[in-house]
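Colleague: I would like to learn how to read a model like this one, feature by feature. Could we go through it together?

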Amino acid sequence: MTALTDFQRLEAQGSWRAAPDAPLREVIVSVGEATLVLSDPRTDRPLSHWSLPAVIQLNPGVLPAVYAPGLGSEDETVAIDDPLMIQAIARVQGAVASHRAHSGRLRSGLLVLAILAVLGGLVFWLPGALVAHAARIAPPAQARDMGWAILADLEQGSGAVCRRESGQAVLDWLAPQLLGPDAAIRVVPGPIGGARRLPGDIYVIGSDLLRTASGPESAAAHLIAARLATRDEDLRQDAARHAGLLASLRLMTLGHLPQDAMRGFGAMMLSAPPPRPTDADLLSSLTERGIPAEPYARTLDPTGQTVLPLIEGDPFRNAPPARALLTDEQWLALQQICAG
């Protein structure tokens, strides 16, 4: 008890009553490190120990001062008229009150800091969480709107989508077989490094995959690889992050993105090579659809050295599929999709 540095080994006489109906008994009251000790003056045997911080004065400002061990313990009392002892007990009580006030201020300060920390965390976390939530809950129609907006931006660097009806009719017929019932395939004039998957199950390929190939197999394999390599939800997340918080809030509330929300996203997408699935997944999917893997592998590496697992794992390497992916007329129409 630092409040009692000046009162070490302080003792005083007092009159102690152990209970309301007990007789008064003379005791020696001594100040311990954290207690008041009431002792028998004849034998020095301790009769009672009181916690100093809990001691209360029942008659403030009156002499002799009457004390109790604490609230709820007023049945036991001691009366003291020694001014120095009274001062010592008062100093302890003042120190305890000061400590409690300081603790209260400290708790309040810590509470304020905690609130500020939470608010600061929300400032950094909430925008990202809202963007992620907007992308996650976007229904198919909104996801496809995202995809069309990205395609419109992608056209700035690769040229406008090729729209010759005979070739697009082939793509519309092929898309459900290769990619799923809601898939859409578009062709752009410029090379885009294979096939790209966009939100809303939209797929884009460059016309170079059609012009230079001997058949549709390599383009079909690129499309399947794009589907396997990227989840639609991941694409939506990337697109929503690019659009930003306000655009994502608009998507959640109004159901559509601002007109220029995807500006620059297409160029950013084309700046990186398309992701590739594992060879095992791709071979399994191609085999299921009767599509050889070697034509696709040769577009990645004409020498075949870096894609040997794909080539060697191709079940159609020495035995072509029994059924062609497209008829000659369909393939010709597809190759001419960007003509005229």
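Colleague: Let me begin with open space: what volume does the largest pocket have?

Modeller: Happy to start there, and please keep in mind that this is a predicted model. Rolling a probe the size of a water molecule over the atoms shows where empty space is left. Here the largest pocket comes out at about 430 Å³.

Colleague: Which residues lie nearest the centre of the largest pocket?

Modeller: Those are A195, R196, P273, P274 and P275, out of 24 lining residues. Looking at elements, two or more lining residues come from each of β9, α4 (208–211), α5, α6 (232–243), α8 (265–270) and α10 (294–300). Sorted by class, the lining has 14 nonpolar, five polar and five charged residues.

Colleague: And which residues line the second largest pocket?

Modeller: The lining consists of D208, L209, T212, A213, S214, G215, E217, S218, P295 and T299. Its volume is about 150 Å³. At least two of the lining residues come from each of α4, α5 and α10. The classes read three nonpolar, five polar and two charged.

Colleague: What lines the largest cavity?

Modeller: You will find L171, L174, I205, P216, A219, A220, L223 and L334 around it. By class that makes eight nonpolar residues, with no polar and no charged ones. Two helices, α3 (165–179) and α5 (217–229), each supply at least two of the lining residues. The biggest contribution is that of α5, with three residues.

Colleague: Now a sheet, please. In what order do the strands of the three-stranded open sheet lie?

Modeller: The order is β8-β10-β9, and the pairing is mixed. β8 (184–188) and β9 (195–198) are the edge strands with a single partner each, so one side of each has no neighbour in the sheet. From one strand to the next, the twist averages 25°. For the pairing itself, β8 and β10 (residues 202–206) run parallel and are joined by five bridges. One example to locate on screen is A184, whose bridge partner in β10 is I202.

Colleague: Which strands do α3 and α5 lie across?

Modeller: α3 lies across β8 and β10, at about 130° to β8. α5 lies across β8, β9 and β10, running at about 40° to β9.

Colleague: How do β1 and β2 pair, parallel or antiparallel?

Modeller: Strand β1 (residues 11–17) and strand β2 (residues 25–31) are antiparallel, with six bridges. Q13 stands opposite I28 in β2 there. β2 also pairs in the antiparallel sense with strand β3 (residues 35–39), over four bridges, and S30 has V37 in β3 as its bridge partner.

Colleague: What should I look for in the backbone angles?

Modeller: Most residues other than glycine have a negative phi, and most peptide bonds are trans. Two aspartates are worth a look: phi of D44 is near 65°, and D201 has a positive phi of about 60°. A cis peptide bond joins L63 and P64, with omega about -10°. P64 sits in the loop between β5 (56–57) and β6 (65–68).

Colleague: Is D44 buried or exposed, and what about D201?

Modeller: D44, in the loop between β3 and β4 (46–51), is exposed because its relative accessible area is 61%, over the 50% cut-off. D201, in the loop between β9 and β10, has a relative accessible area of 12% and is therefore buried.

Colleague: Why does Q330 count as buried?

Modeller: Its relative accessibility is 19%, and buried means under 20%. Q330 lies in helix α12 (residues 328–335). Beyond its neighbours within four places in sequence, Q330 is in contact with V170 and W173. Across the chain, buried residues make up 43% of the 340 residues.

Notes
Residues numbered from 1 in each chain as written. Predicted model: local features only at pLDDT ≥ 70, side-chain atom pairs only at ≥ 80, totals over all residues. Heavy atoms only, no water. 1 Å grid on protein atoms, 1.4 Å probe; cavity = no way out; pocket = protein on both sides within 12 Å on 5 of 7 lines; lining within 4 Å. Nonpolar A, V, L, I, M, F, W, Y, C, P; charged D, E, K, R; others polar. Pairing = 2+ DSSP bridges. Axes fitted to C-alpha atoms, helices over the stretch in contact; angles between N-to-C directions. Contact = heavy atoms within 4.5 Å. Buried < 20%, exposed > 50% of the residue type's maximum accessible area, 1.4 Å probe, protein only. Points joined across faces, edges and corners; volume = space filled by probe spheres on them.
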